[in-house]
Amino acid sequence: MILTVTLNPAIDKVYEVTSFAVGKVFRPSNMWATAGGKGLNVSRVATILGAQVVATGFLGGSNGQFIRAQISKQGIKDAFVEVEGETRICIAINDPILNTSTEVLEPGPTISAAEQEKFLQGFRDLAAQVDIVTISGSLPKGVSTDFYGKLVEICHSLNKRVLLDTSGIALTASLVAHPFMIKPNASELEAIVGKELVTESDVLQAAQELHQRGVDIVCVTLGGDGCIAVTNDDVYRLTAPTIEIVSAVGSGDSFVAGCAVAFTQGQDLVEVLKMGMACGMANTQFAQTGYVTAELVEQFKQQVVVQRY
């Protein structure tokens, strides 16, 4: 079983708008509203792939009730903590003609100290019952930057692996707790190490630096160029053929979901990384955020090429 953590979930609304431009009025040709936030994208993809998933975090208000109803329909176990504030809405405007995606992300509610304590009390019990934990996305207002680190430490005490997918100060502050795996993209990696990474060699060196700081797997995603993974045993370079993209929103979350599912299946690390890549690729074939099919994942997995540095 997989436990996903989404502290700042959202209703993700995707509008498909042809020739979108600032300052004009548009009527979307399509609209999708889903239970979102990075961790819930992970939850949805992992469930599609057949995993049992329990999802936790903070939910509040009518938006929170919408999300609870959605994840229940999807077969995801609801372990969210109810809060006073209103869960946020995040909007993505996808233009299939210009091949662009414009996002507007609400900040979400402020989480009280009492609500945080209630979450922490329940988190240990949840983590003890699962095989692996994924922690994804931004921290909500009111939550300290070391909060993810606290969750990682709890998981360490239970001998549970954590796949951490966040950025900025939330990621930097969590590294001291030594999460099992992190998945920065190139720009997020630049922010961590505090310097521009011009070449692939620069990216590799920065990833190795983070690995030496106590992260077992540092997987740097490079969009259409694949990914670089620094592990305890080796350094891997994963690539795949170029594909047409409908929307890349949620592909990073799909990558995490694929890795988590493969880990729970006892796959070796190369297969784990290939599954992550395949899920990220499959997600690009749909306008919905964080969505794949098992058939597409298997198809793309066969196309992923893994090389050792």
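**Close-up 1. T47 in helix 1 of the predicted model.** T47 belongs to helix 1, which covers residues 38-48, in a structure that is a predicted model. The side chain of T47 reaches back to the backbone oxygen of S43, at 2.8 Å. When neighbours within four places in sequence are left aside, the residues in contact with T47 are V53, Q74 and I76.

**Close-up 2. Q116 in helix 3 and the residues around it.** Q116 is placed in helix 3, residues 113-128, and counts as buried because its relative accessibility is 11%, where buried means under 20%. Not counting residues up to four places away in sequence, Q116 touches F58, I111, G142, V143, S144 and F147.

**Close-up 3. Helix 8, its span and its covering.** Helix 8 runs over residues 251-264, and at 1.5 Å a residue its 14 residues should span 20 Å, which agrees with the 20 Å between its end C-alpha atoms. The helix is mostly covered, with twelve of its 14 residues buried; among them are S251, D253, the run from S254 through F255 and V256 to A257, and F263. After helix 8 comes G266, whose phi is positive, near 80°.

**Close-up 4. The aromatic pair of F180 and F263.** The whole structure holds six aromatic pairs. In the pair of F180 and F263, the ring centres are 5.5 Å apart and the planes stand at 70°, so the pair is edge-to-face, a term that applies to angles over 60 degrees. This pair links distant parts of the chain, since F180 sits in the loop between helix 5 (168-174) and strand 11 (181-182) while F263 sits in helix 8, 83 residues apart. F180 and F263 are both buried. R161 lies over the face of F180, at 5.5 Å from the ring centre.

**Close-up 5. The aromatic pair of F286 and Y291.** F286 and Y291 form another edge-to-face aromatic pair, with 4.9 Å from centre to centre and 85° between the planes. F286 counts as buried because its relative accessibility is 18%, whereas Y291, with a relative accessible area of 30%, is partly exposed.

Terms used:
Residues are numbered from 1 along each chain as its sequence is written. Side-chain values use heavy atoms; hydrogens and water are left out. Helices (H or I, at least four residues) and strands (E, at least two) are DSSP runs, numbered from the N terminus. The expected span of a helix is 1.5 Å times one less than its number of residues. Buried means under 20% relative accessible area, exposed over 50%, partly exposed in between (1.4 Å probe, protein chains only). A polar contact is a pair of N or O atoms within 3.5 Å; within protein, one must be able to donate a hydrogen and the other to accept it, and residues adjacent in sequence count only if both atoms are side-chain atoms. Contact means heavy atoms within 4.5 Å. Rings of Phe, Tyr and Trp (its six-membered ring) pair if their centres lie within 6.5 Å; planes under 30 degrees apart count as stacked, over 60 as edge-to-face and the rest as tilted. A charge sits over a ring if NZ of Lys or CZ of Arg is within 6 Å of the ring centre and within 35 degrees of the ring normal.
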